[in-house]
Each structure stands twice: as structure tokens, then as C-alpha cells.
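Here is a short briefing on selected backbone and helix features. Please read it alongside the sequence and the model.

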Amino acid sequence: MKRSASAPSPILIGGPDDSRRDDRVLIPPMTGAPERPPSDLIWSLSGKTMGTGWSVRLVPPPVAASGFAQDDFQSAVEEELARVIAAFSPWRADSEISRFNAAPAGPVGLSEDFWSLLTAALDMADEVNGAVDPTLGALVDLWGFGPPGPRPVLLPLPSDAEVEAALAVSGWNRLRLNREARAAIQIGGMKLDFSGIAKGHAVDRVSARLDAMGATSHLVEIGGELKGRGVKPDAQPWWVEIEAVPASPASRTIAALFDLAVATSGDWRRSFSHEGRLYPHTLDGATGRPVGNGLAQVTVFDASAMRADALATALTVLGPLEGPEFAEAMGLAACFVERTPRGLIEQPTPAFVAMLDDAGD
């Protein structure tokens with residue numbers, strides 16, 4: 001695919017054309033001055049969820065006006081995360097997703113929360129032609145990234161027949177919905193998996209719950225997916241560091257999350273190696289196999305953490321050629337890092353470059 005003439009040129013990270021020496025700063029476009037946060041305090045909360053950690057920093061509303069103490073916010077976050085796990089965690093046998101995955105062929109009624117995320121995921125799948133797909137649970141399990149656990153050491157790779165069998169019960173365009181009954185039709189053996197969207201969805205839910213409680217300025221992080229709302233009491237935005245590829249010679253990238261979310265997909269997370277090749281957990285529904293296109297990392301900014309999460313996965317599947325073309329056409333602020341014989345090559349989109357603090361200099 002031909003690269004757009006407006007796309008920034010790829011840069012060898014740490015090479016002679018890489019002008020970065022100090023921290024790189026990303027600032028989203030803003031219209032007008034941000035509203036003053038509800039108080040001069042910042043509370044920090046944290047915990048465990050989805051096999052990872054979560055953290056929240058928030059500016060609380062005055063206790064006298066809201067009636068909420070710090071423990072109330074901790075409990076509210078934990079309640080939202082517990083609801084997400086009860087609906088979407090395949091690691092829990094009694095979750096809604098596990099019940100669908102184990103159901104015999106036929107219609108399966110869904111809760112409103114489950115229906116909303118499933119239809120959003122299918123809409124995303126349609127938008128990217130299946131590059132992110134919520135129906136790949138059988139393949140996720142087959143490759144050792146699901147609840148059954150890693151594959152046996154002596155049989156690290158599935159056979160072609162096993163992959164074909166899993167593909168036969170996978171595919172977003174095979175899943176039919178009964179909208180009147182708010183049900184999905186189980187074809188028999190199909191397994192849903194929201195690993196490419198669940199953490200971002202949880203971030204959005206926690207952020208919305210904090211908003212509803214009056215904490216309209218906050219930073220939410222779950223397993224590396226982040227969303228910032230409002231500003232801190234000193235009028236500074238919520239500054240975050242974008243995770244870099246391990247051993248990358250790149251300088252740090254710092255981003256201001258003002259009403260903005262960021263998600264990063266990396267091939268070093270949840271992966272295994274076999275005969276010198278890395279097999280990451282991101283699967284290509286077209287082949288039934290882990291992606292092997294050389295992309296080490298994709299970072300995406302979006303107002304929605306769920307969309308940022310899903311798009312980071314989708315762009316990884318699309319690869320180092322189609323991914324940047326699609327991201328540019330969609331106006332996405334995204335950055336791709338590819339492993340090449342020369343080293344790590346970075347390809348940002350125009351919208352990403354426009355966020356650079358020195359882009360207008």
C-alpha cells in the first residue's frame with residue numbers, strides 16, 4: 001500500500017535522523033480554558049483487577065456538598081470493576097461471557113451492559129473489517145492465552161487442523177443478533193473474548209462513575225490503559241508517560257491527558273517464543289494465528305478509552321503498511337513502532353505529530 005504524501009517520514013529510533021534528545025511532549029488541541037477543579041485536594045486510590053493493577057487520582061468535590069469521603073470513591077471504583085468482571089471475564093466460570101461460551105446452540109439472552117459492549121465491539125469489527133474481533137475466544141484458548149492456560153511445552157504451536165477447527169466457530173460476521181429479544185445466537189462452540197476492549201471499557205466506566213460523583217477531574221489507569229479528565233488543582237493537565245518498547249533507545253514521551261485516553265498495544269506483553277520467533281497474544285482473525293508483521297507497539301489516543309484500546313489492537317493486526325494508512329484516513333493520533341533489521345522504526349500519523357509541543361515551531 002502506498003504511503004500518503006502527507007504522512008510523516010518513518011524515523012529510525014536512535015538513528016542519525018532521530019532529532020529527539022530530551023523528553024518528547026504531546027499536548028492535545030484545546031478550545032478555551034479548562035474549568036477549575038472542584039477542590040484543591042488530590043486523592044490517590046489503587047487496587048487489583050483483571051489480573052493487573054488499577055489506580056485513580058482524583059480531585060474530590062467538597063465533602064460537605066457531596067457527602068462522599070475517600071472510602072466512598074474507593075468502593076465505587078471497586079463496584080464498577082466487579083461488574084465488568086462479572087460480565088466479561090472468561091476466567092470466571094459464573095460470568096456472563098462464560099455462560100454464553102458454554103451455552104448450546106441457540107439464542108442466549110444478554111444483560112443490557114453485555115449487549116451494549118458486544119454491539120459496540122461488533123461495530124468496531126465492522127469498521128476495521130475484523131481487525132479487532134470479539135468472537136476469537138476459541139483461538140485465544142487454542143494459542144494458550146485464555147483461561148485453559150499456556151499450551152504444553154512439547155506442543156507449543158497448534159496444528160493447522162486445530163487452527164481451522166477454531167476458525168470454524170470464530171468470526172464477527174458469523175455472530176447473529178436478535179435485537180428485539182436482546183440476544184446473541186450461539187452457533188455452537190463460539191467463544192466470545194473481549195480482551196482487546198475490556199480494559200478500555202472498564203476505564204470509561206470508572207471515569208463516568210467518578211464524574212457522576214462530582215469528581216470531574218481525574219486520571220484513571222487500568223493495566224496501562226489511561227484516561228484523564230479535567231485538570232489538577234494547579235491547572236496542570238494529568239501528565240503520563242507513554243510506555244516504550246523494552247530496550248528502546250528512544251527518549252521518554254510525555255502526554256497531557258486532558259479529556260483524552262491513550263492505549264498501547266505491545267508484542268512483548270503476554271507472548272511466548274518458539275524456535276526464535278515471538279508469538280504475541282494479539283491474534284489475526286483472518287489467519288487464526290498471532291500477528292507476525294513486525295509491529296512492536298502501537299499507541300492510540302482517543303476520547304474513549306474503549307475505542308483507543310480496540311483501535312490499538314486493530315492497527316496492530318493491520319500491520320506497518322495498512323495500519324498507518326487506515327489511521328491517517330480516520331484522523332487518528334497514533335504512533336507505530338516496527339522491528340526491522342536496522343532497528344526500531346517509528347511511524348507517527350499527522351494527528352500524532354500535531355500534538356507535539358514543538359510541532360508548530
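R182 lies in the loop between β6 and β7. Its phi is near 50°, a positive value in a residue other than glycine. R182 is partly exposed, with a relative accessible area of 34% (buried is under 20%, exposed over 50%, partly exposed in between, with a 1.4 Å probe and protein chains only). This is a predicted model: local features need pLDDT of at least 70, side-chain atom pairs count only at pLDDT 80 or more, and totals for chains, interfaces and linings use all residues. Residues are numbered from 1 along each chain as its sequence is written, and side-chain values use heavy atoms, without hydrogens and water.

**Other positive phi values**
- Most residues other than glycine have a negative phi.
- A235 has a positive phi near 75° and sits in the loop between β9 (225–229) and β10 (238–241).

**Helix α4**
- Its buried residues include F114, W115, L117 and L118.
- Among the elements covering them are α2 (70–88), α3 (96–102), α7 and α8.

**Packing of α7 and α8**
- Helix α7 (residues 198–212) and helix α8 (residues 305–329) pack at about 165°, with axes 7 Å apart.
- The two are therefore roughly antiparallel (an angle over 145 degrees).
- The contact (heavy atoms within 4.5 Å) uses A198, K199, G200, H201, V203 and D204 of α7, and A305, M306 and D309 of α8.
- Those contact residues divide into 4 nonpolar, 2 polar and 3 charged.

Methods: Axes are lines fitted to C-alpha atoms, for helices over the stretch in contact, and angles run from 0 to 180 degrees between N-to-C directions. Helices (H or I, at least four residues) and strands (E, at least two) are DSSP runs, numbered from the N terminus. Angles under 35 degrees count as roughly parallel, over 145 as roughly antiparallel, 65 to 115 as roughly perpendicular and the rest as oblique. Ala, Val, Leu, Ile, Met, Phe, Trp, Tyr, Cys and Pro count as nonpolar, Asp, Glu, Lys and Arg as charged, and the others, Gly among them, as polar.
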